[in-house]
Amino acid sequence: MNLEQLNQEYHCFNIIQDLQEKEEGKLKGLKISVKDSICVKDMESAAGSKMLEGYKPVFHATAVQKVLNEGATIIGKTSQDCFGFGSFSMNTGIGFSQPLNPIDKTRVTGGSSGGSACLTKLADFDHVSFGESTGGSIACPAAYCGVVGFTPTYGRISRYGLIDYGNSLDKLGLIAKTVKQCAEVLEIVAGHDEKDSTSIDAPVDQYTKFLNKDIKGLKIGIIKESLQEGIESEVKAAFELTINKLKDKGAIVEEVSLPLTFKYGISVYYLIAMCEASTNLAKLCGIRYGAEEKPEGNFNEYFSKVRSENFNEEAKRRIILGTFARMSGFRDAYYIKAAKIRTLIINEYKELFKNYDVLVSPTMPNVAPKIEDVKKLTPLQNYMMDVLVCGPNLAGLPHISIPVGEQTLPIGFMIMGDHLQESKIIQVASEVEK
Amino acid sequence: MELDTELVKNIAKVARLNLTNLEIGKLKKDLSDVLEAFSKIEEVNTENVKMSIQPVKLGNALREDVPKKCLTQEQSLSQTKNKQGGYFVGPKSV
């Protein structure tokens, strides 16, 4: 497969470049593409933004180092919404190309890990992609492109070397053709990392042992709000077929409810994410790395000039909103309030996990929309598209999107587990996949 | 909540962004819509609820206080043209 040619057609890469450090190891022969926001040493890592164009990290992200240590080959950096700011991969940075849906090029890939999902669908070689999810950026493109998207518990995979979007939400994860590939790479990359103070110090399961394991008697909760308004009929039909399949295999399936999460999740998610994003982007100011000019004028003039010229429209929108929600006089009503409701949302999920092994819902309410239709959406309508995926991301729960149904345009089925219950979602996912 | 021009200009100044009048006009509208929708969080009773600044419970991450290898001066300066005599060159701060 000629990756240059593929990229001319689908724009799934920002950079195509090979890197192998060891010839032997558990991942020998596996090619890994890496979302642009994850650092690979000496390989441009721009998070899809002009603000970081030309930045070549002097270190590897921990997850990248771990797969290189096991003989995998890095093949390049995949395209994305700049800094992860989008649900469709249409908010690419100034001068960056937007990836196209591998099934229908007039449609979006989903975002923000759109290049990773697109390439995974098209690759005719043994391949896994590193994606990153803040509020659904792995599950969404996986669903729209018809591949498996795996997001672990917050802190299960080190964030060291990930260019931050929202520190309390960001999770490095995997996009692959099969659940087995996700489980195999997860066994390598999961685990505590001294370089990431938020990484969890808990034993790593042998995830591959849970593939093809009987699900008889497992309790599955269907989130009833996920099937109410706004769900396309073919998504609902594919979801219901999958539920029947799980029942046939002996799982106990019941309806459950997450009223608070569905009513307030989007607002809480975006307020927290934008507050954190505006803080993170404050460090990008035209000195030390990334975009720069001859440093003239006073520091305020110089920083403002470089930032204004290099952040795209969506980055500016999120910086302004995030800065506002943290300002004196507004902070209590927005940021603090959202962080308190986040506690209630986490508790709402935790209550359900007392009685259920996993929860399920469709991943996205629709199939991949047409690019022209997405262009007509207002920012608020854009944000509302994350209604199904923002909950598990806010609560830091592991979740996986599996392609289901037999229709032309892919549909995702999402399985969510309690914190550190990656094994259970792999167990159920491998049954769905059969 | 409606954002007015002065408030958007003030936020932009705090965030170190120069916005054109066109950008300010668009942001005012977009963000007023978004804030109006998000403001419904005020109806949730959060009395005696603590903030979650992370989704999982994490303790302090401490290590032995011994020097470890870090980036060299050359590595630290490798990503910029604006450097001189082993230092970053930046704009005037005073």
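Predicted model: local features only at pLDDT ≥ 70, side-chain atom pairs only at ≥ 80, totals over all residues.
Student: Which residues of helix α2 in chain A are buried?

Tutor: Begin with the cut-off: a residue is called buried because its relative accessible area is under 20%. Helix α2 of chain A covers residues 62–69. Buried there are A:Thr62, A:Ala63, A:Val64, A:Val67 and A:Leu68.

Student: What covers the buried residues of α2(A)?

Tutor: Look for the elements in contact with them. The cover includes the chain A strands β1 (13–19), β2 (31–35), β3 (73–78), β4 (127–133) and β6 (171–176). It also includes helix α5 (179–189) of chain A.

Student: Now a single residue. Is A:Leu119 buried or exposed?

Tutor: Read the accessibility, then the location. A:Leu119 has 0% relative accessibility, so it counts as buried. It sits in helix α3 of chain A, residues 114–122.

Student: What is A:Leu119 in contact with, leaving aside neighbours within four places in sequence?

Tutor: The contacts are A:Leu3, A:Leu6, A:Cys12, A:Phe13, A:Ser33, A:Ile75, A:Thr78 and A:His127.

Student: How many residues apart in sequence are A:Leu119 and A:Asn101, and what is their distance in space?

Tutor: Compare the two scales. The pair is 18 residues apart in sequence. From C-alpha to C-alpha, A:Leu119 and A:Asn101 are 9.6 Å apart.

Student: Where does A:Val148 lie?

Tutor: A:Val148 is in strand β5 of chain A, residues 148–151. Its relative accessible area is 1%, so A:Val148 is buried. Now set sequence against space again. A:Val148 and A:Gly412 are 264 residues apart along the chain, and 8.5 Å separates their C-alpha atoms.

Student: How many salt bridges does the structure hold over all chains?

Tutor: The general idea comes before the count. Side chains of opposite charge can pair when their charged atoms come close. Over all chains, this structure holds 30 salt bridges.

Student: Which residue forms a salt bridge with A:Lys105?

Tutor: The partner is A:Glu9, and the closest N and O atoms are 2.8 Å apart. A:Lys105 lies in the loop between β3 and α3 of chain A, while A:Glu9 lies in helix α1 (residues 3–10), so the pair ties together parts 96 residues apart in sequence. A:Lys105 counts as partly exposed, at 36% relative accessibility. A:Glu9 also counts as partly exposed, at 39%.

Student: What does A:Lys28 pair with?

Tutor: A:Lys28 forms a salt bridge with A:Glu24, with 3.2 Å between the closest N and O atoms. A:Glu24 is exposed, at 52% relative accessible area.

Student: How far apart are the closest N and O atoms of B:Lys29 and B:Asp33?

Tutor: They are 3.0 Å apart, and the two residues form a salt bridge. Both residues are in helix α2 of chain B (residues 21–38), four residues apart, so about one helical turn separates them. B:Asp33 is partly exposed, with a relative accessible area of 29%. Salt bridges can also share partners: one network joins A:Glu313, A:Glu314, A:Arg317, A:Arg318, B:Lys26 and B:Asp30.

Student: Which residues form the negative surface patch?

Tutor: B:Glu2, B:Asp4, B:Glu6 and B:Glu36 form it. Take B:Glu2 from that group. B:Glu2 is in the segment before α1 (5–14) of chain B. Its relative accessibility is 68%, so B:Glu2 counts as exposed.

Terms used
Residues numbered from 1 in each chain as written. Chains lettered and ligands numbered in written order. Heavy atoms only, no water. Buried < 20%, exposed > 50% of the residue type's maximum accessible area, 1.4 Å probe, protein only. Helix = DSSP H or I, 4+ residues; strand = E, 2+ residues; numbered from the N terminus. Contact = heavy atoms within 4.5 Å. Patch = residues over 30% accessible without salt bridge, like charges linked within 9 Å, V, L, I, M, F, W, Y side chains within 5 Å. Areas by Shrake-Rupley, 256 points an atom, 1.4 Å probe, with all protein chains shown as cover. Salt bridge = Lys/Arg side-chain N within 4 Å of Asp/Glu carboxyl O. Lys, Arg positive; Asp, Glu negative; His and termini not counted. Charge placed at Lys NZ, Arg CZ, Asp CG, Glu CD.
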